[in-house]
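Please keep the viewer open as you read.

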Amino acid sequence: MYASKVTNLSESITIAISSLARELKVQGRDILSFSAGEPDFDTPQIIKDEAIKAIQNGFTKYTAVAGIPELLQAISYKLSNENHLTYSPEEIIVNSGAKHSLFNVFQALIEKDDEVIIPSPYWVTYPELVTYSGGKNVFIQTTQENRFKITPEQLKSAITPKTKILVLTTPSNPTGMVYSKSELESIAEVLKGTNIWVISDEIYEKLVYDNAFTSCGSISQDMLERTITINGLSKAVAMTGWRMGYLATKDKKLRQLIVGLQSQSLSNINSITQKASIPALDGRAEQDIQKMCQAFKERRNVACELFNKIQNLSVDLPDGAFYLFVNCKNVNPNSMEFSKALLEKEGVAVVPGIGFGAEGYFRFSFATDLDSIKKGIARIANFCQS
């Protein structure tokens, strides 16, 4: 009766846990939620001012499918100036959030039984999009000892004649790890001479705390040609509800196909969002972005220190993003059981690692105030000791 490609999709565990936490809160429970991947900061004022100005000026009509010229130019400038990536405005498409960018790319590239290599732990949506597109997920299991990063040897072993795409996320959701330039160079060496695309999800790139960030496509001309760069403004600029993502590709045919797909589905993204996004890309909101990044770094340090004082829990200091991926194997290796019991007994919502393809862990978002973080970790400590 219904299309199997839709009925076979799983609900996001992140959203499911967040929804359960909200339900308990409505029932009167004192719930602290650390499950959602959403900054608690307000959108910078300069961005809101641009949106208001756009409305007052009547900028409320359809736009070009790929985005207005001035926004595409701002993205091109940002990628060149900050990431050393040479994409012209004609090689960029604006989408309704980075998730929509990914959906478009998978739909345009994957044919039945094409293999997509995804390092695990992974963001929950990647395998669902691959399955929906008719592809086959090939997971590379990483280890905490290796900072949850794939090695060149693992990548070589995973490649087959059917391999179409490698998905890389740096910084990572859920682990917060960041690939260094030398690590990306090693991966690039393995891919040289193949026809494998790289989808580089860089949505957390401005939330890197201790070392420099390197874009995959900046490694070499070969990597630039094969890489589809995915980014957006949700995480680092606190614009989750504005729904602004973008992709960039050197492949003109791929860009043309995605524009065609988008023209028959979404058309253009919100015109007001497009105008408002420009100061987030041209440097005018940079001071606000840096303030948020500094606050996240302080929260990371405090949360990580507190977790590592809890007997039977452990966590490595993440390089970026706003998550801790906490090892709970010595308390309960079943992460779903652990997370449900924690929510029911202590009113603390975290996301079980099984949803990210890594059992024995849970994801804790520190995208909230320090008092809540301290209170939440104290409850987790009580839960682990009871």
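## Strand 5 and its neighbours

Strand 3 (residues 115-120) runs parallel to strand 5, and 3 bridges join them. Helices (H or I, at least four residues) and strands (E, at least two) are DSSP runs, numbered from the N terminus, and two strands pair if DSSP finds at least two bridges between them. This is a predicted model, where local features need pLDDT of at least 70 and side-chain atom pairs count only at pLDDT 80 or more, while totals for chains, interfaces and linings use all residues. Residues are numbered from 1 along each chain as its sequence is written, and side-chain values use heavy atoms, with hydrogens and water left out.

Between strand 5 and strand 6 the chain passes through helix 8 (residues 181-191), giving a right-handed β-α-β crossover (with the strands pointing away from the viewer, the path from the first strand over the helix to the second runs clockwise).

How enclosed is strand 5 (residues 163-169)? Of its 7 residues, 6 are buried, so the rest of the structure largely encloses this strand (buried means under 20% relative accessible area, exposed over 50%, partly exposed in between, with a 1.4 Å probe and protein chains only).

## Aromatic pairs

The structure holds 17 aromatic pairs (rings of Phe, Tyr and Trp, the last by its six-membered ring, with centres within 6.5 Å; planes under 30 degrees apart are stacked, over 60 edge-to-face, the rest tilted). Tyrosine 122 and phenylalanine 139 are stacked, because their ring centres are 4.9 Å apart and their planes lie at 20°. Tyrosine 122 is in the loop between strand 3 and helix 6 (125-132) and phenylalanine 139 in strand 4 (residues 136-141), so the pair ties together parts 17 residues apart in sequence. Tyrosine 122 is buried at 12% relative accessible area, whereas phenylalanine 139, at 39%, counts as partly exposed.

Phenylalanine 338 and phenylalanine 383 form an edge-to-face pair, 5.3 Å centre to centre with 90° between the planes. This pair links helix 13 (residues 335-346) to helix 14 (residues 370-385), with the two phenylalanines 45 residues apart. Both phenylalanine 338 and phenylalanine 383 are buried. Ring pairs also link them with Phe34, Phe307, Phe362 and Phe364 into a cluster.
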